[in-house]
Amino acid sequence: MIVVLLGPPGAGKGTQGEIIAERLGIPKIATGDVLRAAVRDGTEQGLAAKAYMDRGDLVPDSVILGIMKEVLSSPAAAKGAILDGVVRTVPQAEGLTTMLAELGRKVDKFLLFDVPEDELVNRLGGRVVCEKCQTPYKGLEPGTTCEKCGGKLVRRKDDEPQSIRNRLKVYQAQTEPVIEWTKERKMDLVKIDATGDVNEISERAMKALEED
Ligand code: AMP
């Protein structure tokens, strides 16, 4: 099963993607994680992406399409994948569907995580993440140790107020049109209320995935 998670930054796609992937027994793939690893490793791809990421701008489509291709052809994704933040522009949505069609596959479901803007700003503003396993935490100081893996918690550069505002603007301008694109093509998109308890949100997501 191929599931594409859509929704603004801070909507919980990463957290929910982990849970859903575990429950379905398929990997969660996030282009944000792939890019951050490339920046850490100082690869050519990472060097090219860093400035865009720090500002909260989107990395060029050509870079993302390259990552998509690698990911989709990897054996890990043979049974399916949860794609978190992988599709953020209409050309990326088109690229993904074309690549999948060439492999005789398709996106089975788009899940749209819905959270009011005020809450997004609030969530992202106080967020720290583990630099090793990417687990997000609220209300902890940078430098604290990650409960899950022992890594160090850091504030992402793009979680600074200026970048947060830019990321939300970029989402509206470049990613929201993907929603209309799926509707025009009569693709299977389900909107999920992504506020409230983490477990309840997962239940809503799993229910949406079980529906045909
Ligand atoms: P995320 O961890 O999903 O918030 O992504 C962090 C940053 O990585 C984004 O703000 C973008 O700069 C970049 N990025 C991740 N995925 C994509 C994508 N599909 N298209 C363009 N840029 C992306």
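Contact means heavy atoms within 4.5 Å. Helices (H or I, at least four residues) and strands (E, at least two) are DSSP runs, numbered from the N terminus. The model is predicted: local features need pLDDT of at least 70, side-chain atom pairs count only at pLDDT 80 or more, and totals for chains, interfaces and linings use all residues. Residues are numbered from 1 along each chain as its sequence is written, and side-chain values use heavy atoms, with hydrogens and water left out.

**View 1. The open sheet has 5 strands in parallel pairing.** The order is β2-β3-β1-β4-β8, where two strands pair if DSSP finds at least two bridges between them. β2 (28–30) and β8 (189–193) are at the edges with a single partner strand each, so one side of each has no neighbour in the sheet.

**View 2. Strands β1 and β3 pair in the parallel sense.** Residues 2–6 form β1 and residues 81–84 form β3, with 4 bridges between these strands. Val-3 is opposite Ile-82 in β3.

**View 3. Helix α1 lies across β1, β2, β3 and β4.** This helix (residues 13–24) runs at about 175 degrees to β3. Axes are lines fitted to C-alpha atoms, for helices over the stretch in contact, and angles run from 0 to 180 degrees between N-to-C directions. Helix α7 (residues 161–184) also packs on the sheet, where it touches β1, β4 and β8.

**View 4. Cys-133 is in the loop between β5 (127–130) and β6 (136–138).** Cys-133 counts as partly exposed because its relative accessibility is 30%; buried means under 20% relative accessible area, exposed over 50%, and partly exposed in between (1.4 Å probe, protein chains only). Apart from neighbours within four places in sequence, Cys-133 contacts Cys-146, Lys-148 and Cys-149.
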